[in-house]
There are 2 protein chains.
Amino acid sequence: MSGTTSGTPEPEPTGRGGAPPVIAVDAMGGDHGPEAIVHGAVRAVRELGLRVLLVGRRTVVASLLAEHDALREIPVVHAEDELEMHEGALASWRRPRSSVAVACHLIRRGDAHALVSAGSTGGVVATSTVRLRTLTGVMRPALAVPLPTGEQPTILVDAGANADAKPEMLVQFAHLGSAYARTAFGVQRPTTGLLSIGSEPGKGNKLTRKAGELLTAAGEAGTLDFHGNIEGHDLLTRAVDVVVADGHTGNVALKTVEGTASFAMSAVQEALTSTRLAKAAALLQRRSLRELRGRLDSETYGGAALLGLNGTVVIAHGASGDTGVAHACRLAHDLASGRMDEQVRRRVPHRQGHWFNRFGQHEER
Amino acid sequence: MSGTTSGTPEPEPTGRGGAPPVIAVDAMGGDHGPEAIVHGAVRAVRELGLRVLLVGRRTVVASLLAEHDALREIPVVHAEDELEMHEGALASWRRPRSSVAVACHLIRRGDAHALVSAGSTGGVVATSTVRLRTLTGVMRPALAVPLPTGEQPTILVDAGANADAKPEMLVQFAHLGSAYARTAFGVQRPTTGLLSIGSEPGKGNKLTRKAGELLTAAGEAGTLDFHGNIEGHDLLTRAVDVVVADGHTGNVALKTVEGTASFAMSAVQEALTSTRLAKAAALLQRRSLRELRGRLDSETYGGAALLGLNGTVVIAHGASGDTGVAHACRLAHDLASGRMDEQVRRRVPHRQGHWFNRFGQHEER
């Protein structure tokens, strides 16, 4: 579909008109290997009723499907190569036949509508950016991650796709995040905050200060509901629906949330079993604590969505088990069904053109 | 003392030779006003045996001291002005007679050896940088904060003094943080990590990648024990003794740790009292949980130390109560007694000179 605009006679890319979208799952990515991915795909089909196909080495994937007795339920598309877990940006050129590249090809042909991969973030971002291209007017795609704030999450964007960003990109990230909040969580008029080091305007590094000015202007123009700077304290307090950051700051913040939550839960576990009396009491709280652990667990939020491309891309946590993969498939389904791309087209002004619409993270100015 | 070097006949600035250092406490800073600060100073004297003087409006401070019956224990130095809580960098010029400026003057004259303030970070950093100046060879002072990892904390530096840093500054922050780890926590050969978005070298934004190269070179030269990149996940896992970051990334990370810890503890509290049975059980665990809460509470670590100046500066959390102020006084005492400045002089090469030894955050290149 890349290169074509709406109004073409080609098959509907997001399943509009009745048919649910097809999710292409990269069987080869992830720390736990194809076993966990295939198991997650089977659960997505059987438990969530999604349409899924698996992309990867046919013999490996087919034999795993056979173990689940699911050979007839999930089609397999062969890919002879795969991205290594620590492969970064160059992977997109080095491995044109990787499972991720083949999945992107399926999306461009209209045979699939979304990609789910638990592969290396750098490799998946680079490959899908090159192969799917950004939507008209979008400078760079951005990773959006729902923070574990409860039923209505706060979305952090960019969580790590662009280590070096421009101020203008942060305004686009705000638009992408708003479209996401609306599509995935039904927020009608999402509020946006800028992650910085003080709540007053003018706080932060040069990039953030300049982005703050542009976001304020967008707020005054009525294209965004911008609530000013927010700080690290506010990430989990539901201060806003969308938190915007450059990919470096956003990625550090996201991993710090994950690390601190996990640290706190371990410390609580330790405190609760430190005396015999406390230990006995902890038995009575097992269920509540397990639920809380689940809520803070990165697997439950399905993964990061790479926003701004011609096609839906969801990157599951590298350590995803089958539950994480199934949740990522549901997120991909919701985003593809909600026609994120149309919403983004409405929000991002076309006149900004393709200034940065090529792949490359290192150029300055 | 500014402008003089060692070997002068002036009074010893850090109380070497028997006399403990004198801590000048800014009575006017902090969200809770002078009441909490004066109470904290009284506790520092009575419970910790420290030498303290209070700087602020004499009538206000004296009447609060009278309430504690402590007029004879703690001298008061009058300052007619004070920094506002949201006052930033310009405060240093706008308020030459603020309590912070007067306290710095006492340090320069040798009448005090350390400053403790719970005032606005921006205002205290700017004022003390202008009035105390950086140690020879140190480009910019940096805020160091011990993260709540347990008995042996990991020190994060810079936690917010320099929103826009240079790669060379991050190497100096590593030296400053190492000197701090040794002085405050007795770590003989502190290990250092660089906060980034991936553990492999070459991950991160432009500033971080360049800083990583310089830190690697310093590690190979044997002046630092550099362990490479660390990620947000690793901040609380005791992966290294010192984590280096620019002030923007570091401040976001610190506040994210604080916010997430507080969020997790509230969620635990809620989970533990969600059923009647769990609630009954929670009563048996009150003490363990209170201890844990204390450990994760920012008041217990005493505050951020502003490293690299001619004089010890500790910035307590704005929301510090009397406990936080007393802990900050103890930290200031430890740093001043340990002659941090001498350690920094040994570590930071003099030939780097005073390239950036002036106040200003906004210049580039």
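The model is predicted, so local features are given only at pLDDT of at least 70 and side-chain atom pairs only at pLDDT 80 or more, while totals for chains, interfaces and linings use all residues. Residues are numbered from 1 along each chain as its sequence is written, chains are lettered from A and ligands numbered from 1 in the order in which they are written, and side-chain values use heavy atoms, with hydrogens and water left out.

## The two chains

Two copies of a chain are related by a rotation about an axis and a shift along it. The same surface serves both copies, since 100% of the contact residues of chain B recur in chain A; contact means heavy atoms within 4.5 Å.

Chain B gives 54 residues to the contact and chain A gives 54 residues. The area buried between chain B and chain A is about 4,600 Å², and carbon and sulfur atoms give 66% of it; buried area is the accessible area (1.4 Å probe) that two parts lose on being put together, summed over both. B:Ile197, B:His248 and B:Phe263 supply 14% of the area that chain B buries against chain A, more than any other three residues.

## Helix packing

Helices (H or I, at least four residues) and strands (E, at least two) are DSSP runs, numbered from the N terminus. Axes are lines fitted to C-alpha atoms, for helices over the stretch in contact, and angles run from 0 to 180 degrees between N-to-C directions.

| Helix pair | Axes | Crossing angle |
|---|---|---|
| Helix 6 (167-185) and helix 12 (340-347) of chain B | within 9 Å | roughly 140 degrees |
| Helix 1 (33-48) and helix 2 (58-67) of chain B | within 10 Å | roughly 55 degrees |
| Helix 1 (33-48) and helix 11 (322-337) of chain A | 7 Å apart | about 50 degrees |

Angles under 35 degrees count as roughly parallel, over 145 as roughly antiparallel, 65 to 115 as roughly perpendicular and the rest as oblique. Helix 1 of chain A and helix 11 of chain A are therefore oblique to each other.

In chain B, the residues of helix 1 that meet helix 2 are B:Pro34, B:Glu35, B:Val38 and B:Val42, and their partners in helix 2 are B:Val60, B:Val61, B:Leu64 and B:Leu65. This contact of helix 1 with helix 2 of chain B divides into seven nonpolar, no polar and one charged residue, where Ala, Val, Leu, Ile, Met, Phe, Trp, Tyr, Cys and Pro count as nonpolar, Asp, Glu, Lys and Arg as charged, and the others, Gly among them, as polar.

## Backbone details

Most residues other than glycine have a negative phi, and most peptide bonds are trans. The peptide bond from A:Val157 to A:Asp158, however, is cis, with omega near 10 degrees, and A:Asp158 is placed in the loop between strand 6 (154-157) and helix 6 (167-185) of chain A. In chain B, a cis peptide bond joins B:Val157 and B:Asp158, with omega about 15 degrees. A:Arg238, although not a glycine, has a positive phi of about 60 degrees, and A:Arg238 is in the loop between strand 8 (225-230) and strand 9 (242-244) of chain A.
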